Amino acid sequence: MELTGSEILWKSLKAEGVKDIFGIPGGAIIHAYDRLYSESEIRHILVRHEQAAAHAADGYARVSGRPGVCITTSGPGATNLVTGILNAYMDSSPVVAISGQVSTSLLGMDAFQEADMLSIMLPITKHNFIVQRVQDLPKIVRLAFLISTSGRPGPVHIDLPRDIQSAKAEVEIPAKVELNKYIRLDPKPYEILQAVNLIVKSERPIIMAGGGVILSGASAELVELAELIGAPVVTTLLGKGSIPEDHPLSLGMLGMHGRMAANLAVSECDLLLAVGTRFSDRSTGDVRYFAPKARIIHIDIDPVELGKIVKPELTIRGDAKRVLRALIDALSSRWQRGRTEEWGKRIQQMKRELAPRMDYDNIPLKPQRVIKEIGEVLGSDGIVVTEVGQCEMWAAHFYCVRKPRHFVASGGLGTMGFGFPASMGAKVAKPDHVVVNIAGDGSFLMNSQELATCVVNNIAVVNCIFNNRYLGMVKQWQDLFFGKRRSHTYLGESPDFVKLAEAYGAWGDRIERPGEIKEKLKLAIESGKPAVLDIIIDPDEHVLPMVPAGGRLDQMLT
Amino acid sequence: MKTRIFSILCENVPGVMMRVSRCFTRRQINLDSVTVGIEPSGLARIILSFQADDHTTEHLRKVLERLIPIVNVEIIDPEKAAVREIALLKSRRLDDREVMEFVQKVEEKGGRILEVRDGIVIAELSGEHSKVEEAVKELSPYLKEVARSGQVYLSKE
């Protein structure tokens with residue numbers, strides 16, 4: 001059948017199972033949008049800034065496990081995607097971004113709204129395409145989804161010139177393509193043997209779980225292995241939720257703002273089994289003092305990560321779920337029960353003695369108390385998304401995540417303005433779950449225009465703004481390391497977030513006292529509306545404990 | 001730090017050079033030499049030389065192999081490879097005596113004369129980098145312009 005490029009695009013997206021898409025139309029993508037006008041199977045969410053489209057697609061992907069899709073026009077529409085796409089790249093999130101481009105005959109002529117997106121997207125995507133012939137489009141879309149989701153996931157960008165959208169070709173959808181990369185998923189048997197030989201000799205093993213565990217759906221295997229060998233589990237920021245954090249073997253997050261018990265256990269362990277993590281500097285602190293007594297086994301699907309930061313005793317390339325399953329099978333006959341009993345006692349003692357305090361009654365509110373009560377309202381099914389900065393680290397440190405894909409934060413890039421649009425994407429993917437954005441006032445204002453999107457499209461995200469009128473994390477560094485010189489981190493007494501919410505037609509409320517948190521959060525959730533809760537917190541509160549940048553995990557500021 | 005050579009087999013598509021070169025740029029590594037040729041299969045072979053330590057070299061190999069258009073990356077040991085570099089030479093306008101001298105010198109160095117017209121000589125030299133380097137230096141009083149290839153390596157193993 002002969003189809004136009006626009007028809008091919010939507011047919012191909014439907015063949016990939018795409019149900020929701022975030023975007024903004026414009027001149028260079030107008031043919032594609034014209035075709036979308038008569039599409040009933042795809043829900044298009046008209047956002048208010050293209051950056052939000054990319055973050056929404058990212059949030060959608062992280063909670064659902066299905067690729068998130070965004071679409072924009074050329075030039076500024078496409079360049080506005082950049083931060084969101086890089087954010088998805090740093091955190092291995094499968095996002096497919098499509099943007100219009102000027103007609104092929106105008107490429108390189110500085111045409112209106114032309115940007116060299118092939119060059120701009122090249123270093124921040126797993127792969128990117130420009131469509132030069134309409135007949136290639138089915139193959140490119142198929143490849144984009146395949147590349148985005150295979151192996152270590154990541155974003156893929158398709159640049160789609162205007163004339164290609166209206167050109168016609170005889171094509172087959174879905175196209176048949178082959179990808180020769182990212183296909184090695186199973187570990188080599190001798191690698192499993194070597195790993196088991198190391199594990200059975202250890203007395204103080206620990207498992208460090210990263211985002212890869214969640215991406216591969218390996219949570220059950222992670223818990224099974226931890227229980228089998230009595231190994232406590234520490235997670236990275238992106239690994240939060242890979243093990244239920246109320247599990248006796250869960251020590252919570254490690255690293256710069258990790259739990260003290262997690263950081264100390266890593267410093268004491270004799271074997272560290274790292275799964276699906278890239279040893280970010282935020283997780284390791286000074287690498288020379290990271291897990292100094294441990295032999296390290298590093299499991300990752302991306303060979304680039306193996307040996308990049310730490311020098312492991314053994315590396316295993318493979319999918320986390322398959323590697324963990326192979327380890328469990330091999331260990332079940334060889335593991336001596338009781339071997340880690342002493343270690344288990346030590347771990348429980350550390351957990352007891354170093355448990356973080358959350359039961360403050362102060363006014364202005366302590367963020368720890370707010371996080372605790374949000375957790376009590378959300379239970380195990382609520383999804384928490386965070387902005388970036390102190391709000392994020394309070395959530396990461398104190399919030400107890402019980403299921404994978406129920407905690408979403410911007411890790412590698414640390415993108416302020418990520419949380420709100422990402423939670424919008426999360427809510428679109430999981431409409432039956434309560435979605436709360438734990439935000440700072442600084443971050444929230446970077447994409448607060450999306451309140452309009454949420455109101456118009458009835459996306460009931462609840463924004464809990466931890467309002468201290470500061471760019472709090474920078475202020476914290478200034479307080480701790482720059483002689484309390486708060487250079488340009490005070491934001492002033494504006495805006496009134498309740499009125500801001502009301503101006504958009506959203507639910508707005510203010511919380512100032514400990515007793516009000518649960519009640520007002522429940523009201524906001526029950527309103528069924530997008531909501532903004534302006535929570536006035538102590539402006540002098542720091543995120544503690546903390547390992548200063550480049551410091552040692554066992555030397556935390558408290 | 002020592003000289004490293006990558007022989008990269010990749011799809012012959014626009015942008016592939018940029019995908020490869022930015023991996024080096026990002027790490028502030030200068031490419032000493034770049035050559036590209038098309039294989040009989042239609043794939044392109046890019047040969048790069050650069051300075052780096054063992055850890056960075058291995059990391060870069062893996063980073064490059066992750067790229068979609070790249071088929072594989074071979075690390076070539078310069079000790080176990082055939083190495084050649086080509087220089088094309090154009091003389092300034094020479095008088096008859098100088099033409100005789102220049103032709104003689106080029107041929108002594110194993111070069112070939114491609115053309116002589118109106119006192120301007122075009123010649124070709126090839127060999128190992130140091131040999132070409134030395135010859136070009138010695139012939140420089142006669143020269144107006146030199147075009148040199150990067151180094152081409154072929155593993156003997």
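1. Chain A holds 23 helices and 20 strands. Helices (H or I, at least four residues) and strands (E, at least two) are DSSP runs, numbered from the N terminus. This is a predicted model: local features need pLDDT of at least 70, side-chain atom pairs count only at pLDDT 80 or more, and totals for chains, interfaces and linings use all residues. Residues are numbered from 1 along each chain as its sequence is written, while chains are lettered from A and ligands numbered from 1 in the order in which they are written.

2. Overall form of chain A. The C-alpha trace spans about 70 × 60 × 40 Å along its principal axes. The radius of gyration of chain A is 24 Å, which agrees with the value near 24 Å for a compact globule of 558 residues. That radius is taken over C-alpha atoms, and the globule rule is 2.2 Å times the number of residues to the power 0.38.

3. Burial and contacts. In chain A, 57% of the 558 residues count as buried. A residue is buried if 20 or more other C-beta atoms lie within 10 Å of its own, exposed if 12 or fewer, and partly exposed in between, with C-beta atoms placed from the backbone. Of the contacts in chain A with a separation of 6 or more, 76% join residues 24 or more positions apart. Two residues are in contact if their C-beta atoms, placed from the backbone, lie within 7 Å.

4. Domains of chain A. The assignment gives domain 1 (2-170), domain 2 (189-353) and domain 3 (367-536). Such bounds come from an automatic or database domain assignment. The C-alpha centres of domain 1 and domain 2 of chain A are 37 Å apart. Five residues of domain 1 of chain A touch five residues of domain 2 of chain A. The domain 1 side has one nonpolar, two polar and two charged residues. Here Ala, Val, Leu, Ile, Met, Phe, Trp, Tyr, Cys and Pro count as nonpolar, Asp, Glu, Lys and Arg as charged, and the others, Gly among them, as polar.

5. One open sheet in chain A has six strands, in the order β11-β10-β9-β12-β13-β14, with parallel pairing. Two strands pair if DSSP finds at least two bridges between them. The edges are β11 (250-253) and β14 (314-317) of chain A. The twist averages 15 degrees from one strand to the next. Axes are lines fitted to C-alpha atoms, for helices over the stretch in contact, and angles run from 0 to 180 degrees between N-to-C directions. Strands β12 (271-275) and β13 (295-300) of chain A share five bridges. A:Leu271 sits opposite A:Arg295 in β13(A). Helix α12 (260-268) of chain A packs on this sheet, at about 105 degrees to β11(A).

6. Another open sheet of six strands runs β16-β15-β17-β18-β20-β19 (chain A), again with parallel pairing. Its edge strands are β16 (407-408) and β19 (507-511) of chain A. Strands β18 (462-467) and β20 (531-536) of chain A pair over six bridges. The bridge partner of A:Ile465 is A:Asp534 in β20(A). Helix α22 (497-504) of chain A touches β18, β19 and β20 of chain A, and its direction makes about 170 degrees with that of β19(A).

7. Chain B has domain 1 (2-76) and domain 2 (82-155). Their C-alpha centres lie 29 Å apart. Nine residues of domain 1 of chain B meet six of domain 2 of chain B. On the domain 1 side, β2(B) gives the largest share, three residues.

8. Between the chains, ten residues of chain A contact nine residues of chain B. The chain A side has six nonpolar, two polar and two charged residues.
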